Amino acid sequence: MSFQHETIIVTGGAQGIGKAVSQAFALSGAFVVIADVDAEAGEEWVEILCDRGLNARFIATDLGDPVQVKALVDEVTAVGGAIDVLIN
């Protein structure tokens, strides 16, 4: 299945299942935004994905903070347009 030109947010995407999910979507052609509280892991993972030629971005986000969630959505829509899929 192709997700070419789709914008996908994966919360908790820097580790574990979220990491695997973010990779799968990136490999399918999506622009993947990884939202996670662990900035070090998130930035490292996005660097790996981008080094592989995949389209990914990290945005440090605490989903328990409504202000940070709004900032995440605002940044993603400014860069990637509509959010097509949200994996939470």
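**Note on the predicted chain**

1. The backbone oxygen of F25 lies 2.7 Å from a polar atom of the S28 side chain. A polar contact here is a pair of N or O atoms within 3.5 Å; within protein, one must be able to donate a hydrogen and the other to accept it, and residues adjacent in sequence count only if both atoms are side-chain atoms. S28 sits in the loop between α1 (16-27) and β2 (31-36). Helices (H or I, at least four residues) and strands (E, at least two) are DSSP runs, numbered from the N terminus.

2. This is a predicted model: local features need pLDDT of at least 70, side-chain atom pairs count only at pLDDT 80 or more, and totals for chains, interfaces and linings use all residues. Residues are numbered from 1 along each chain as its sequence is written, and side-chain values use heavy atoms, with hydrogens and water left out.

3. Is S28 buried or exposed? S28 is buried, with a relative accessible area of 16%. The classes are: buried under 20% relative accessible area, exposed over 50%, partly exposed in between (1.4 Å probe, protein chains only). Not counting residues up to four places away in sequence, S28 touches M1, S2, F3 and Q4. Contact means heavy atoms within 4.5 Å.

4. T61 is placed in the loop between β3 (56-60) and α3 (66-80). T61 counts as buried, at 4% relative accessibility. A polar atom of the T61 side chain lies 3.1 Å from the backbone oxygen of I59. Leaving out residues up to four places away in sequence, T61 touches A35, D36, V37, Q68, V69 and L72.

5. Next, strand β1. I9 lies in β1 (residues 7-11). I9 is buried, at 2% relative accessibility. Beyond residues up to four places away in sequence, I9 touches V33, A35, L72, V76, I83, V85, L86 and I87. I9 and A56 are 47 residues apart along the chain, and their C-alpha atoms are separated by 9.8 Å.

6. V10 also belongs to β1. V10 is buried, with a relative accessible area of 1%. Which residues does V10 contact, leaving aside neighbours within four places in sequence? They are G18, V21, S22, V32, V33, I34, A35 and I87. V10 and G29 are 19 residues apart in sequence and 15 Å apart in space, C-alpha to C-alpha.

7. Now the whole chain. It has three helices and four strands. From the N terminus on, the order is β-α-β-α-β-α-β. Among contacts between residues at least 6 apart in sequence, 56% join residues at least 24 apart.

8. On dimensions, the C-alpha trace spans about 30 × 25 × 20 Å along its principal axes. The chain has a radius of gyration of 12 Å, which agrees with the value near 12 Å for a compact globule of 88 residues. That radius is taken over C-alpha atoms; the globule rule is 2.2 Å times the number of residues to the power 0.38.

9. The chain exposes about 4,800 Å², and carbon and sulfur atoms supply 54% of it. Areas come from the Shrake-Rupley method with a 1.4 Å probe; for residues, only the protein chains shown count as cover. There are 4 positive and 13 negative side chains, and the centres of the two sets lie 3 Å apart. Lys and Arg count as positive and Asp and Glu as negative; His and the chain ends are not counted. Each charge is placed at NZ of Lys, CZ of Arg, CG of Asp or CD of Glu.
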